[in-house]
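This briefing concerns the contact between two chains. Please view the model first, then read the points below.

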Amino acid sequence: MSLINTAPEMALTTKIDDFLNWTRKSSVWYMMFGLACCAIEMMHTGGPRADLDRFGAAPRATPRVSDLIIVSGTLTLKMALRTKVLYDQMPDPKYVISMGSCANCGGLFQLAYSVCDGVDKVIPVDVYVPGCPPRPEALTEGLIKLQEKIQQERWLVRKPTVAANA
Amino acid sequence: MYFQFANVLVFFLLAFVLCGLMLGLGLLLRPSNPHPGKLTTYECGEPPSGNAWINFNIRFYLIALVFVIFEVEIAFIVPVATVFRDWIARGQGAFALAEIALFVAILAVGLVYVWVKGDLEWLKRLPQSRGEPAAEPLRRDAA
Amino acid sequence: MAASDPAAVHAALRSHFGDAVGDLAGTRPDNTATTVAASAIVDVCRFLKTETGLAFDCLSNLSGVDYPKRNVIEVVYHLYSYRYRHLFVLKVDVPRDNPVVPSVAGVWCAAEWQEREVFDLLGVTFEGHPDLRRILMPEDWPGHPLRKDFVEPEEYHGISTSRESLLKT
């Protein structure tokens with residue numbers, strides 16, 4: 001019943017794709033997954049000065065209604081299992097922003113026994129935002145990069161077939 | 001006059017069409033990837049434990065019931081208030097007042113009953129135990 | 001209300017418990033401590049809490065130290081009195097291969113979670129503890145991390161615990 005990836009690549013369908021991607025990128029509802037200090041910066045990014053809501057990004061508490069999960073803070077091994085469960089419970093299409101050094105690669109606590117070195121060990125990440133913690137402007141740039149990524153997606157248009165190696 | 005109903009019909013149709021359009025577009029344009037992990041019950045990442053259905057305290061029901069009764073009472077008093085001046089002009093003001101006062105008094109008796117019985121208490125207490133239990137069962141009067 | 005210095009507290013302990021209480025070690029006020037035998041620790045703590053001149057009503061800290069060279073694990077109790085404003089430190093040495101200490105959770109409620117932490121990270125079993133289970137590490141974590149001979153497991157539930165640095169050439 002779904003029309004996704006069914007249409008040939010024509011001017012009309014690509015324009016419709018642009019329109020659909022514009023609507024999707026302009027209302028990315030993120031699930032606040034604040035684990036440590038980066039959570040404070042994420043809260044500030046959602047605050048009045050560096051406003052994430054002007055991009056249409058509203059904070060949600062549950063994975064069921066969110067498009068994006070911003071993993072901000074140190075991921076312990078104990079939490080990594082739950083992160084996987086929560087990521088699985090998000091509906092498609094879903095994206096992940098890994099915010100801060102700890103979520104990118106374990107950061108300062110990489111050698112610790114209880115820390116999971118990077119959230120990409122459990123879930124696939126779309127955008128890595130470096131920093132310890134990243135400034136609100138940096139997280140905003142991460143969201144803009146994600147919006148650029150969403151804009152490039154093919155929604156109605158068929159995905160290109162992989163060209164055979166010569 | 002019947003043409004006015006066409007307005008209502010158009011609104012109905014528009015409502016159905018719009019809802020159908022939005023839901024239908026969603027059906028056509030959304031991905032569908034059900035897999036077991038996605039369909040689990042949400043409990044903040046933990047494996048779900050316990051029943052999803054819990055018992056609610058009965059005080060909510062009691063307050064709602066009392067509210068409905070007195071809300072209907074207000075709904076009956078308001079029309080009386082609107083025509084009260086006309087009744088006074090006709091010289092029957094005292095009669096109307098007595099009638100509505102009797103109505104309110106009957107319902108006030110109900111309010112006093114509910115109050116004394118403790119149904120308006122938000123924090124309910126267990127009944128006080130009366131010292132040591134009786135050696136023999138309490139006497140019951142024959143039916 | 002006069003604050004007692006550690007020597008006075010130690011003298012009171014010695015007069016009451018005799019040999020179960022070791023000598024007062026350390027020179028500065030912040031490192032004077034008394035070693036207590038593990039079997040007497042609950043009575044000593046109760047005495048320190050309820051005695052009128054001492055009144056140590058606050059267990060500021062309960063932690064453990066692993067000394068592999070002496071082959072002991074030391075459980076350290078930092079006590080504070082809000083009434084008289086004096087401090088005292090108790091230490092209990094237990095052998096490393098079977099560390100068992102009676103629990104003081106009955107004397108101070110704060111000891112409950114702190115003893116759970118010592119159990120979790122060092123493996124010391126506290127007898128008489130109402131709810132002795134891991135508090136920081138996951139329930140199925142192998143080993144006790146703060147021991148000096150702890151080896152980090154290679155992976156946990158399929159997540160590997162090491163990360164290759166991208167800077168290596």
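What is the area buried between chain A and chain B, and what percentage of that area do carbon and sulfur atoms give? The buried area is about 1,500 Å², and carbon and sulfur atoms give 56% of it; buried area is the accessible area (1.4 Å probe) that two parts lose on being put together, summed over both. In chain A, the residues that lose the most area to chain B are R82(A), Q89(A) and D92(A), together 30% of what that side buries.

This is a predicted model, in which local features need pLDDT of at least 70 and side-chain atom pairs count only at pLDDT 80 or more, while totals for chains, interfaces and linings use all residues. Residues are numbered from 1 along each chain as its sequence is written, chains are lettered from A and ligands numbered from 1 in the order in which they are written, and side-chain values use heavy atoms, with hydrogens and water left out.

**Chains in contact**
- Of the 2 pairs of chains that touch, chains A and B have the most contacts (contact means heavy atoms within 4.5 Å).
- Chain A supplies 20 residues to this contact and chain B supplies 15 residues.
- Chain B and chain C are joined by no contact, and their closest C-alpha atoms lie 13 Å apart.

**Charged pairs**
- The interface of chain A and chain B holds 2 salt bridges (a side-chain nitrogen of Lys or Arg within 4 Å of a carboxyl oxygen of Asp or Glu).
- R82(A) forms a salt bridge with E46(B), with the closest N and O atoms 2.7 Å apart.
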